[in-house]
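Subject: Structure handover

Hello,

Here is the structure for you to look at. Please open it alongside this note, and then read on for what turned up.

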Protein chains: 2
Amino acid sequence: MDTYEYVKDLCERAAAARGTLAVSSTAERNSALLAIAEALIRECDKIIAKNEKDIALAGENGVPGPMIDRLTLNEKRIHGIADSLKEVVMLSDPIGKGTVSVRPNGLKIMKVRVPLGTVGMIYEARPNVTVDAAALCLKSGNAVVLRGGKEAINTNLALVSLMRTALSGTGISPDVLQLIGDTSRKGSEALMNMRGFIDVLIPRGGKGLIRAVVDNASVPVIETGAGNCHIYIDSSADLEKALKVAVNAKVSRPAVCNAVETMLVHSDVYKSFLPAFYQATREYGLEIRGCDRARAVLSGIKEATDEDYATEFDDYILAVKVVDSLDEAIEHIKKYTTGHSEAIMTEDIGKAHKFCSSIDCAAVYVNASTRFTDGGEFGLGAEIGISTQKLHTRGPMGLDDLTTVKYIVEGDGQIR
Amino acid sequence: MDTYEYVKDLCERAAAARGTLAVSSTAERNSALLAIAEALIRECDKIIAKNEKDIALAGENGVPGPMIDRLTLNEKRIHGIADSLKEVVMLSDPIGKGTVSVRPNGLKIMKVRVPLGTVGMIYEARPNVTVDAAALCLKSGNAVVLRGGKEAINTNLALVSLMRTALSGTGISPDVLQLIGDTSRKGSEALMNMRGFIDVLIPRGGKGLIRAVVDNASVPVIETGAGNCHIYIDSSADLEKALKVAVNAKVSRPAVCNAVETMLVHSDVYKSFLPAFYQATREYGLEIRGCDRARAVLSGIKEATDEDYATEFDDYILAVKVVDSLDEAIEHIKKYTTGHSEAIMTEDIGKAHKFCSSIDCAAVYVNASTRFTDGGEFGLGAEIGISTQKLHTRGPMGLDDLTTVKYIVEGDGQIR
């Protein structure tokens, strides 16, 4: 069986098994999630043993340290994954929610939330995504076909096997949960082209992965994650507040998508603000790359190029530009935004309003850190990704976003 | 300038002009729509003259009669288009609607509806779509790039010129409305690949057009329209009601997507039901193609092939199959459905429930005609198409479906 046929077979099994989810109650799906959480704790050692195999192979293959860290599972992290399953159990079930209206001709039209069907996930070397994504899909009544990174394959096989075993003790068929064992490019390319078998494909990972999926998929895709985020310090900002927020937005966790990559500072305030910012970020070893005016007050920093302004560093690097107006800041952001999160620091309500209406992105902030763009922080519970496209939804995607609608129309012989 | 550059230029103009829509009030957008409606009535004769040119060319090129009918505008039809503009004016404006929550840390998170941005429309030879689509996009704050069928190009150029002139008297830039003058395949292919310039592409037309768009587009697409719809007459049906509904669902307007293409009849009732149905549809000249059991009671009808069951005839042709159970009916529909509209006739509430939960489509009907799947009939007002995909939305798409969401987060220096 070639890779395409193998992946198609997994997708067909998932679709055939979906009926067991369709007829399951919220309580049954929650019980299944709790059974998975218990199994994770019970089989913690086994998973760690498989994970150590992946880590050893990654070490031999020269995988960089930060990636090995993301790949690593230990007892604490596995307990964390089990806890996040319990959080998903607590979330409200979107399935079956909806509206009803009776038309003048007596037709009763119900518009209700139903599962998307089968969700495809392509992601990199973070094995927690394997469990998180499966949990959110199961809770929302979706089958899921997972394709994780090759570095985590032994861990993922163990996790999926454990979850399927847990499901086999419930009314839900284990086949609603599939992992593509072929970690070659062929495996992901086959999944990208399962039109008619996969209802939506969600890539999670670096921009190379997301670009490849968007360019090559024939199934509907939700683009996620790429975050070239900006913070703009206006002349009307409370500079103390601005300093605290800008430092947090850049250095609290620079590798994630909601961290800031470029800071724009109004020309009325940069002479005092930039040196203070530089001082405040010394302890983090932040590298600043700046425009000419920034370099004049921060001696020794590198020049920021157009490429720097377009780059999602995901690291302790920040591009800085001094601008002469809110309009110039807006134009810069419009040019370089990836539509994720953008912030303004200002005490001027008119400027705040103009910034919010002019910038087209998932989340626009006034006087707060871009780091809040997150399903948990927004009160949605766990998220399956952050959509940076406009179709279907935008911003952190929770359970509701894993559903679609269905009209159920009841009549008594009405004709048109 | 080659076609790609030409289309890109139109898209860039649309995007640049979008700001004038973003700052417009509901009242301003409504005034613009009314100005277009007035211009349509005032310039009725001019439009008809241009339309006559298209009709003459179509006649010379041997375009079939039904297509020429769809292409034709007369005074009555133009008044109908103007009336539909007034209906769009009456619809509630979705922009700016949303929810707000205050998080424990004091962050105020607003989730509001915003326009998608620029909508691309590819459609065939119905010039009313030119005005309807423009109206729905303008009302919902979107720029729109239209690419109509080549048969209607003179009419479309006149309509778009008229609409742009009407806009020039308002605060909204005429550039938010663009028509691709190049009606070669290159024109539509360029539009399908305007990633970054077009936020969503909506094809409207026959399945060949929709398939071509889905296969070739790199921009996000909403698949619309293909309707291989079924009606199932269960043994528990009220046969009088069933006859009335089945006849309506097939013959009231067979060329539209919500008309039924296959009728399934339970083996307990087909011997009486099929002859009655046959009699009732004689006056319409309906051609019935059936399975062996259907042919035994309707002598002289052709045999229905698997291909017939898979075909959207859009004509006075119906495939008929006798089935032995609800399960068999569901299996048949699952095999051939295009996810549009499916109906069951039954007085058994348990069977109705099973049918509704088992069939995965935009609209599922109990004891009513599939012909009701329509924005107006569902109470959404005018529709821009009927989505048969699950992402973004499903079923008739109204104004709300031409929007996305944006989070606006207001803080007072919150950090994470």
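Which residue stands opposite Tyr365(A) in strand 16 of chain B? The residue is Val409(B). Before going further, please keep in mind that this is a predicted model.

**Strands across the two chains**

That pair belongs to a wider pattern. Strand 13 of chain A, residues 363-368, pairs with strand 16 of chain B. The sense is parallel, and there are five bridges. Another bridge joins Val366(A) to Glu410(B) in strand 16 of chain B.

**Strand 8 of chain A**

Strand 8 of chain A covers residues 260-266, and seven of its seven residues are buried. It has two pairings to look at.

- Strand 7 of chain A (residues 229-233) pairs with strand 8 of chain A in the parallel sense, over five bridges. Here Cys229(A) has Val260(A) as its bridge partner. The chain goes from strand 7 of chain A through helix 10 of chain A (residues 239-251) to strand 8 of chain A. This β-α-β crossover is right-handed.
- Strand 11 of chain A (residues 317-323) also pairs with strand 8 of chain A in the parallel sense, again over five bridges. Thr262(A) has Ala319(A) as its bridge partner in strand 11 of chain A.

**How the chains are related**

In general, two copies of a chain are related by a rotation about an axis and a shift along it. Here the rotation is 180°, with 0.0 Å of shift along the axis. It superposes chain B on chain A with an RMSD of 0.0 Å. That is the relation of a two-fold axis. The same surface serves both copies, as 100% of the contact residues of chain B recur in chain A.

How many residues does each chain give to the contact? Chain B gives 53 residues and chain A gives 53 residues. On the side of chain B that touches chain A, four elements of chain B give two or more residues: helix 10 (239-251), helix 15 (349-358), strand 13 (363-368) and strand 16 (403-414). Strand 16 of chain B gives the most, with 11 residues. By class, this side of chain B has 22 nonpolar, 17 polar and 14 charged residues.

**Two residues with positive phi**

His392(B) comes closest to the rotation axis among the residues of chain B, with its C-alpha at 1.7 Å. His392(B) sits in the loop between strand 14 (385-387) and strand 15 (395-397) of chain B. Its phi is positive, near 75°, and it is not a glycine. His392(B) counts as buried because 23 other C-beta atoms lie within 10 Å, and the cut-off is 20 or more.

Asn367(B) also has a positive phi, of about 60°, and is not a glycine. Asn367(B) lies in strand 13 of chain B. It is buried, with 22 other C-beta atoms within 10 Å.

**Helix 6**

In chain A, helix 6 runs over residues 127-139. Does its length agree or disagree with 1.5 Å a residue? Its 13 residues should span 18 Å, and the end C-alpha atoms are 19 Å apart, which agrees. The helix is mostly covered, with 12 of its 13 residues buried. Among them are Pro127(A), Val131(A), Leu136(A) and Lys139(A). Gly141(A) follows helix 6 of chain A and has a positive phi, near 80°.

In chain B, Pro127(B) lies in helix 6. Pro127(B) counts as buried because it has 29 C-beta neighbours inside 10 Å. Among the residues it touches are Leu71(B), Leu73(B), Ala152(B) and Leu159(B). Pro127(B) and Asn154(B) are 27 residues apart in sequence, and their C-alpha atoms are 9.8 Å apart in space.

Best wishes

Terms used: Residues are numbered from 1 along each chain as its sequence is written. Chains are lettered from A and ligands numbered from 1 in the order in which they are written. This is a predicted model: local features need pLDDT of at least 70, side-chain atom pairs count only at pLDDT 80 or more; totals for chains, interfaces and linings use all residues. The expected span of a helix is 1.5 Å times one less than its number of residues. Copies are superposed by least squares on the C-alpha atoms of residues with pLDDT of at least 70 in both. Two residues are in contact if their C-beta atoms, placed from the backbone, lie within 7 Å. Ala, Val, Leu, Ile, Met, Phe, Trp, Tyr, Cys and Pro count as nonpolar, Asp, Glu, Lys and Arg as charged, and the others, Gly among them, as polar. Two strands pair if DSSP finds at least two bridges between them. A crossover is right-handed if, with the strands pointing away from the viewer, the path from the first strand over the helix to the second runs clockwise. Lists of a residue's contacts leave out its neighbours within four places in sequence.
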